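Hi,

Here is the structure I promised to pass on.

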Amino acid sequence: HVQLVESGGGSVQAGGSLNLSCTASDDVLSSVIMAWFRQAPGKEREGVATLYTRGFGPYYADSVKDRFTISIDNAKNTLYLQMNSLKPEDTAMYYCASKTSNTWSRGNRWTSDEYNDWGQGTQVTVSS
């Protein structure tokens, strides 16, 4: 299993930016897919952005397209999520996730159960 540690969350006003980081304990290339999910209070966990560590992607949820950018630094074993033009509805706990298989059981890249390893989360709060 890969241990994942997120950082970079915080409180910002609407229109502001944050850059989240997720550092992996192992070579990120041992993961096939890495992703950012988020979960707001009382809501289900939803996929925000994903990419294949060896080249395909990135892919974004419609709600964050053109505002968020996912990227990976293989040399640093770190996944990033640059979030711009933040909105109050972006308020949530943000989680980094890793999938070590390139086959899907029942879902797809937006299905949280498809991912093997998760970080502890970092809180993002956007005020209006």
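Below is what turned up when I went through it, grouped by region.

One thing to keep in mind throughout: this is a predicted model.

**The disulfide**

I'd begin with the cysteines. The count comes to 1 disulfide, and the bond joins C22 to C96 with an S to S distance of 2.1 Å. C22 belongs to strand β3 (residues 18–24) and C96 to strand β9 (residues 92–99), so the link ties together parts that lie 74 residues apart in sequence. If you care about the torsion, the value about the S-S bond of C22 and C96 is about -70 degrees, so this disulfide is left-handed. Buried or exposed, then, for C22 and C96? Both cysteines are buried. As a reminder, a disulfide is a covalent bond between the sulfur atoms of two cysteines.

**The open sheet**

Next, one of the sheets. Four strands make up an open sheet in the order β1-β3-β8-β7, and the pairing is antiparallel. Its edge strands are β1 (4–7) and β7, each of which pairs on one side only. From one strand to the next, the twist averages 15 degrees. Strand β3 of this sheet is also where C22 sits.

At the β7 side, β7 and β8 run antiparallel and are joined by 6 bridges. Within that pairing, S71 stands opposite Y80 in β8.

β4 and β5 are antiparallel, with 6 bridges joining them. F37 stands opposite G47 of β5 here. The hairpin of β4 and β5 has 6 residues between the strands, and G42 takes a positive phi near 80 degrees in it.

β5 goes on to pair with β6, again in the antiparallel sense, over 2 bridges. The bridge partner of T50 in β6 is Y59. This hairpin has 6 residues between the strands as well, and G55 takes a positive phi near 135 degrees in it. As for β5 itself, the strand is mostly covered, with 5 of its 7 residues buried.

- G57 and P58 are joined by a cis peptide bond, with omega about 10 degrees. P58 is placed in the loop between β5 (46–52) and β6 (59–60).
- D66 has a positive phi, near 75 degrees, though this residue is not a glycine. D66 is in the loop between β6 and β7 (68–73), and is exposed at a relative accessible area of 79%.
- N77 is another residue other than glycine with a positive phi, near 50 degrees. Its place is the loop between β7 and β8 (78–83).

Which way does N77 fall, buried or exposed? At 19% relative accessibility, N77 counts as buried, because the cut-off for buried is under 20%.

**Rings and charges**

Last, the aromatics. There are 6 aromatic pairs by count. One of them is F37 with Y115, an edge-to-face pair at 5.2 Å centre to centre, with 75 degrees between the planes. F37 lies in strand β4 (residues 33–39) and Y115 in the loop between β9 and β10 (117–118), so this pair ties together parts that are 78 residues apart in sequence. Both F37 and Y115 are buried.

Which residues do ring pairs link into a cluster? The members are F37, Y95, Y115 and W118.

R109 lies over the face of Y59, at 3.6 Å from the ring centre. That Y59 is the bridge partner of T50 mentioned above.

Cheers

Technical notes: Residues numbered from 1 in each chain as written. Predicted model: local features only at pLDDT ≥ 70, side-chain atom pairs only at ≥ 80, totals over all residues. Heavy atoms only, no water. Disulfide = S-S within 2.5 Å. Buried < 20%, exposed > 50% of the residue type's maximum accessible area, 1.4 Å probe, protein only. Phe/Tyr/Trp six-rings, centres within 6.5 Å; stacked < 30°, edge-to-face > 60°. Lys NZ or Arg CZ within 6 Å of the ring centre and 35° of its normal. Pairing = 2+ DSSP bridges. Axes fitted to C-alpha atoms, helices over the stretch in contact; angles between N-to-C directions.
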